[in-house]
Structure formats: C-alpha cells, structure tokens
Amino acid sequence: MKVVLFCGGYGMRMRSGAADDVPKPMAMVGPRPLIWHVMRYYAHFGHKEFILCLGYGAHHIKDFFLNYEETTSNDFVLRGGRTELLSADIADWTITFAQTGVESPIGERLRRVRHHLDGDEMFLANYADVLTDAPLPEMIDRFAERDAGASMMVVPPQSSFHCVELGEDGLVGGITAVSELPLWENGGYFVLRQEVFDHIPENGDLVADGCAGLAKQGRTTAYRHRGFWKPTDTVKERAALDAAYTRGDRPWAVWERDGAGAGVRA
C-alpha cells in the first residue's frame, strides 16, 4: 500500500531560531532524521511506496534523499577503495516528492497528492514526526474487515497534569491523572479509503473534516494502542527520543526487534 506522509508544516516549537528553516521531520534522532524512522517503520512491514507532501523547508528533505548515504546506517566492507554494502535501507523504496504548499492544511495536502495514489482503494497516511511500535498489519487487517472509510490510531492522553473535581463550595471531590481518564487522542497512523476525499473540502482538514465527516455516517473506526507512541512537537520531546536512541532504548525500531534488520543500525 502507498504511504502518504505530511511533512510540510513549519514546526515552530522545534525551531532553534528565526533563521532555522529545517522542517520538523528532519530533526535528528540518532544518525537519521525523524522522517527516516517513520518510513523505515512502514518499509519493515512491506509498504515501500511513499508520497511526501512537502511544504516548508522542502529542499532539506529532497537533499537528504538525493544525497543519501547508506553507510550511515548499514554495515559495509571497504575493499580496494570501493564500498561494498552488506545491506541497504532505501534501495527498494519508491519516493514521490510533491510540493503541496507552504500554508496548506493537512487535508489540502492530501487532496493535492490524490492523483499519485493511482486510484488505490486503500492507502496509509501519517504525520512524519510520530514514532510507535504499533502492529501495523493488525491495524490494516481490522480496517479492511470493516465497512468504513477511515481508521485512525488512538492513544491514551499524554498529559502529565491532573483533573480536579470541584464542588460548588470549592471543595475538591477528587483528583485524577489525565492519562487515567476514559479518553483517547488522535495518534496519527491512518488507514484510509478513497471516499475520505468526499469529506475534505478545499483547504480542509483530514481529521476535523475527513474523519469527522465519515464519523457522522458511522464510517470512522479507531485502533486503540497502549504501547509505545511518542510525538515530537517540541525540542524537549525530540531530545528525549535522541537520548533513548543513544542508550539503545528504541522500541519504535521494529525492524531491529523482529530480526528483519540484520546488519542495519536504526
């Protein structure tokens, strides 16, 4: 299945200064940027046709792949001055680079790459800056069995704050961690059918318009995931992932855990 990745936003909370035009998906986690980790996840499960919805800082993403160095994350032999790779990351990937506008919302970015989907009934979509260890084949199979137009992975609330129950007299009746409330957040990792486009207007949003429109018809499903899921909206979150990578704690690297990445370093 084709994978649409939204990687054209400003990512203001990840920027280190006014002159920093590096898009958020290019923030580094270990020796590779976030977008590589997301793509490597999909490729591990056999989904190697990518459509990148570019916008802000697009040249950084293009340059990364045009000048890709396989030796950064793969074992190799140097013999007679020539490099012999023992494995490769992206040799069998197909990547479409599509400029979808600097100011475009997510839904509009998706609309602008619809023709690249070749009319495929089902396809995958995701933000290019969220890492997880969720079982993708299970998510796809569950959706395929349902009469639905969209599925999104949902996760427990990530806030560390507490909700306080107050009486009219100001007395606290109870305190509950937000993460313990019976609520779910959008975690990205969408499985979609073509009909989602019927609910996304020009300059619309994938979730607020597409998924919500289908939900009103009872045609949006959710996959609950309580395992590893980490967004990278801030410098602090990116730094935490980078530190985890350094100490070898990277549950999102399913290609290592499942043994399919022999000779590959995440």
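Beyond its neighbours within four places in sequence, leucine 5 is in contact (heavy atoms within 4.5 Å) with Ile35, Val38, Met39, Tyr42, Phe50, Ile51, Leu52, Cys53, Asn126, Tyr127 and Ala128. Leu5 also belongs to the largest nonpolar core, a set of 49 residues in which Leu5, Tyr42, Phe50, Leu52 and Phe65 touch the most other members. Such a core joins buried Ala, Val, Leu, Ile, Met, Phe, Trp, Tyr and Cys residues through side-chain atoms within 4.5 Å; buried means under 20% relative accessible area, exposed over 50%, and partly exposed in between (1.4 Å probe, protein chains only). Helix α1 (residues 34-44) supplies the largest share of this core, eight residues. Helices (H or I, at least four residues) and strands (E, at least two) are DSSP runs numbered from the N terminus. A second, separate core holds 21 residues, among them Val4, Phe123, Val154 and Leu206.

As the model is predicted, local features need pLDDT of at least 70 and side-chain atom pairs count only at pLDDT 80 or more, while totals for chains, interfaces and linings use all residues. Residues are numbered from 1 along each chain as its sequence is written, and side-chain values use heavy atoms, with hydrogens and water left out.

Aromatic rings come next. The structure holds 14 aromatic pairs, counted when ring centres of Phe, Tyr and Trp (its six-membered ring) lie within 6.5 Å, with planes under 30 degrees apart taken as stacked, over 60 as edge-to-face and the rest as tilted. Phenylalanine 50 and tryptophan 93 make a tilted pair, 5.2 Å centre to centre with 55° between the planes. Phenylalanine 50 sits in strand β4 (residues 49-54) and tryptophan 93 in the loop between β6 (82-85) and β7 (94-99), so this pair ties together parts that are 43 residues apart in sequence. Both phenylalanine 50 and tryptophan 93 are buried. Phenylalanine 123 and phenylalanine 197 are stacked instead, at 6.0 Å centre to centre and 25° between the planes. Here strand β8 (residues 122-127) provides phenylalanine 123 and the loop between β13 (185-193) and α5 (206-216) provides phenylalanine 197, so the pair ties together parts 74 residues apart in sequence. Ring pairs also link Tyr41, Tyr42, Phe45 and Tyr189 into a cluster.

Lysine 2 and aspartate 120 meet in one of them (2.8 Å, N to O). This pair links distant parts of the chain, with lysine 2 in strand β1 (residues 2-7) and aspartate 120 in the loop between α3 (106-112) and β8, 118 residues apart. Lysine 2 counts as buried at 10% relative accessibility, whereas aspartate 120 is partly exposed at 23%. Lys2 and Asp120 are also linked with Glu49 and Asp118 in a network of salt bridges. Lysine 24 and aspartate 233 form another salt bridge (3.0 Å, N to O), joining the loop between β1 and β2 (28-29) to the loop between β15 (229-231) and α6, 209 residues apart.

Cysteine pairing gives a plain result: zero disulfides, defined as pairs of cysteine sulfur atoms within 2.5 Å. The sulfur of cysteine 7 is 6.6 Å from the closest cysteine sulfur, in cysteine 53, and that is too far for a bond.

Key. Salt bridge = Lys/Arg side-chain N within 4 Å of Asp/Glu carboxyl O.
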